[in-house]
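The sequence and structure are shown first.

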Amino acid sequence: MSIEFKMRRISPNVYDRMMSGEPPFPYRYVAESGQIAKRWEVTAFILANGDRTNPGPAMAIVGGRGISDGPDDYGGLRAFSAAEVVTIAQELAELSEDEFRRRFECLDFTGVSGSELDGRPANNIDSYLDCLYHLRNFYSAAAQAGNAMMLWLG
């Protein structure tokens with residue numbers, strides 16, 4: 001069974017309630033996306049330029065404050081404040097398509113979920129560029145609306 005990634009835009013009020021220890025469910029969310037789904041780890045690896053200790057814009061997928069446990073170090077329910085969403089949206093916007101392509105071509109993906117045995121991603125570059133564009137749009141919309149975010153890997 002593989003892990004899937006979902007994002008939800010939430011109000012700052014919901015975020016504050018979660019951070020104060022209230023259970024995250026039930027809650028209302030502004031928008032939801034599961035579009036990246038199983039391509040999350042390769043996309044995050046490209047965004048981080050292969051550096052899991054300093055993920056940079058990959059925080060859009062692997063970052064956030066842990067709310068509940070999940071299947072691995074990144075898993076479970078995590079959240080970003082509205083201010084953190086703005087920072088991540090800016091980092092995603094600053095990563096050029098050319099740099100993203102260069103990373104895709106140069107990195108060794110051996111051991112990354114969603115890669116082949118030869119160390120190459122299972123999908124072509126267009127599939128991961130689609131993830132980049134979607135992350136940019138989702139985070140940008142959240143930042144412009146003043147939303148916080150919830151992420152789920154499970």
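**The sheet**

In this predicted model, two strands are taken to pair if DSSP finds at least two bridges between them. Five strands form an open sheet with antiparallel pairing, in the order β2-β1-β5-β4-β3. The edge positions are held by β2 (31–37) and β3 (65–68); each has a single partner strand, so one side of each is left without a neighbour in the sheet. From one strand to the next, the twist averages 25 degrees.

Within this order, β1 (residues 5–10) pairs with β5 (residues 148–153) in the antiparallel sense, over six bridges. R9 has M149 of β5 as its bridge partner.

**Helices across the sheet**

Helix α1 (residues 12–19) lies across β1, β3, β4 (76–80) and β5. Relative to β4, helix α1 runs at about 125 degrees.

Helix α6 (residues 125–145) lies across β1, β2, β4 and β5. The angle of helix α6 to β1 is about 20 degrees.

Is S33 buried or exposed? Its relative accessible area is 7%; because buried means under 20%, S33 is classed as buried.

Leaving aside neighbours within four places in sequence, S33 is in contact with F5, K6, M7, H134 and F138.

Definitions and conventions: Residues numbered from 1 in each chain as written. Predicted model: local features only at pLDDT ≥ 70, side-chain atom pairs only at ≥ 80, totals over all residues. Heavy atoms only, no water. Helix = DSSP H or I, 4+ residues; strand = E, 2+ residues; numbered from the N terminus. Axes fitted to C-alpha atoms, helices over the stretch in contact; angles between N-to-C directions. Contact = heavy atoms within 4.5 Å. Buried < 20%, exposed > 50% of the residue type's maximum accessible area, 1.4 Å probe, protein only.
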